[in-house]
Amino acid sequence: MSASVYPTPSRTVKAIVCVIAAIGFAFDIYELLMLPLILRPALAELVGAMPGTPEFEYWRGILFFVPAMVGGVFGLLGGYLTDLWGRRRVLVISILLYAFSAMASGFVTSVEWLLFFRCTTFIGVCVEFVAAVAWLAELFPEPKQREAVLGYTQAFSSIGGLLVTAANYLSIHYATSLPEIVGGHEAWRYTVISGVIPAIPLILIRPFLPESPQWAHKKAEGTLGRPSIGELFAPKLRRTTIVTTLMFACSYGAAFGALQQTPSIVPNLPEVKSATAEMSVPQRKQTEQKIAATVNGYQEFGGLLGRFVLASLAMVIVSRRWLLRVFQWPGLIVVPLLYFYPARDNLELLKWGIFVAGMLTVAQFSFWGNYLPRVFPLHLRGTGESFAANIGGRMIGTSFAAVTAYLTTLLPSGSTAVAAGIVALFVYLVGSGLSFLLPEPPEEFESP
């Protein structure tokens, strides 16, 4: 079949693709960053557990760890199916899955059901990211244009973080005015239900968008190789697979083992305790959640800036190693110090520190979205990206949230901030060391 059967999409179609992909990236992060915001009130209602108690730390670890493991396994399968079935079809399936999960999470009556729907949400998010990155990389084959498109569309992930922070804040403020859910007006329920809203335009529009022309053409010709996980560990790709998987894990380890623990840390700060000491329990909970949401907003603005800086530098800095180190090496110093000091006793300094930490850490996620399509061949692109992102990032990386929870119970002070600082120091140190082994993209994979 000739290539003309699969013409290059028009500028208008490509623009629509970029808009929809940006919304998709925003929604992915919207769902992932929701848990730190709703964890404390959700466990208080469903389990009756408060921070610092063994039961709270147990469920915190479970809710961070289990969905990441499930999402990683099924996300790897999704990456394989992206190479086998095509980018667009898998995208639509993943969106439907996490849209349903977002709605259902708001009506759970037990922590076990919340865990179940967090697992299905994670599966959808893990699959969507891989399919979207491969799709964009193949719609924009010109290298500099591809770098710009992947960089700037992924920047909208941080918009998703700002949106979920705003949704949580509004849910807290207007909870008593909203319809009753499960016999009450708990703000965390309205927050999780809001996750279905951004999915509506995606569900309506994405089925009508084009498949990747390169993938469709090779599939029709019969020249598309069959994806294989084993091929990722053949001599040609082994180093790329192992190093990117471990480094992706370190990037996610810093985010989930440290940054995403901040909403649980904020209520223990002396200023917050002092401000809420004379309040009733409902007033205290509401105030603590508002302050935590405000601090989280600083992190998201920092992450947004980091993604835009990464997108700009990606077109200027040729070496991928040095591009990553621009964010990685300063983070090795800034992020651990943030949790060892201001996260324990200085709310104002924590706000600005978390802004810088968000910028340095979140930018690395955009780096991987730009880098991975360049180091795996077309027929393995979804599988290779998925292995690094899901086995490395989602499974190994997010499990550092459970490590932080476990360390908290071992420390004499019981300080989550100190535990987060230890985890941040470890993952940044390992990631910085591995950067010396990171392969530069081979020229043979430059043209998708």
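With which residue does R60 form a salt bridge, and how far apart are the closest N and O atoms? The partner is E57, at 2.6 Å.

The views show a predicted model, in which local features need pLDDT of at least 70 and side-chain atom pairs count only at pLDDT 80 or more, while totals for chains, interfaces and linings use all residues. Residues are numbered from 1 along each chain as its sequence is written, and side-chain values use heavy atoms, with hydrogens and water left out.

**View 1. The salt bridge of R60 and E57 within helix α3.** A salt bridge is a side-chain nitrogen of Lys or Arg within 4 Å of a carboxyl oxygen of Asp or Glu. Both residues belong to helix α3 (residues 54–85), three residues apart, which is about one turn of the helix. Helices (H or I, at least four residues) are DSSP runs numbered from the N terminus. R60 is buried, at 1% relative accessible area, and E57 is buried at 7%; buried means under 20% relative accessible area, calculated with a 1.4 Å probe on protein chains only. The structure holds nine salt bridges.

**View 2. E147 in salt bridges with R320 and R374.** The N to O distance is 3.4 Å for R320 and E147. This pair links distant parts of the chain, with R320 in helix α14 (residues 320–340) and E147 in helix α6 (residues 143–174), 173 residues apart. For E147 and R374 the N to O distance is 2.7 Å. R374 lies in the loop between α16 (347–371) and α17 (381–397), so its pairing with E147 ties together parts that are 227 residues apart in sequence. R320 is buried, with 3% relative accessibility; E147 and R374 are buried as well.

View 3. D28 is buried yet has no salt bridge, and the nearest side chain of opposite charge, R394, is 5.8 Å away. In this count Lys and Arg are positive and Asp and Glu negative, whereas His and the chain ends are not counted. The side chains of D28 and Y98 are joined by a polar contact of 3.1 Å, that is, a pair of N or O atoms within 3.5 Å; within protein, one must be able to donate a hydrogen and the other to accept it, and residues adjacent in sequence count only if both atoms are side-chain atoms. Leaving aside residues up to four places away in sequence, D28 touches Y98, V125, E128 and F129, where contact means heavy atoms within 4.5 Å.

Terms used
Buried < 20%, exposed > 50% of the residue type's maximum accessible area, 1.4 Å probe, protein only. Helix = DSSP H or I, 4+ residues; strand = E, 2+ residues; numbered from the N terminus.
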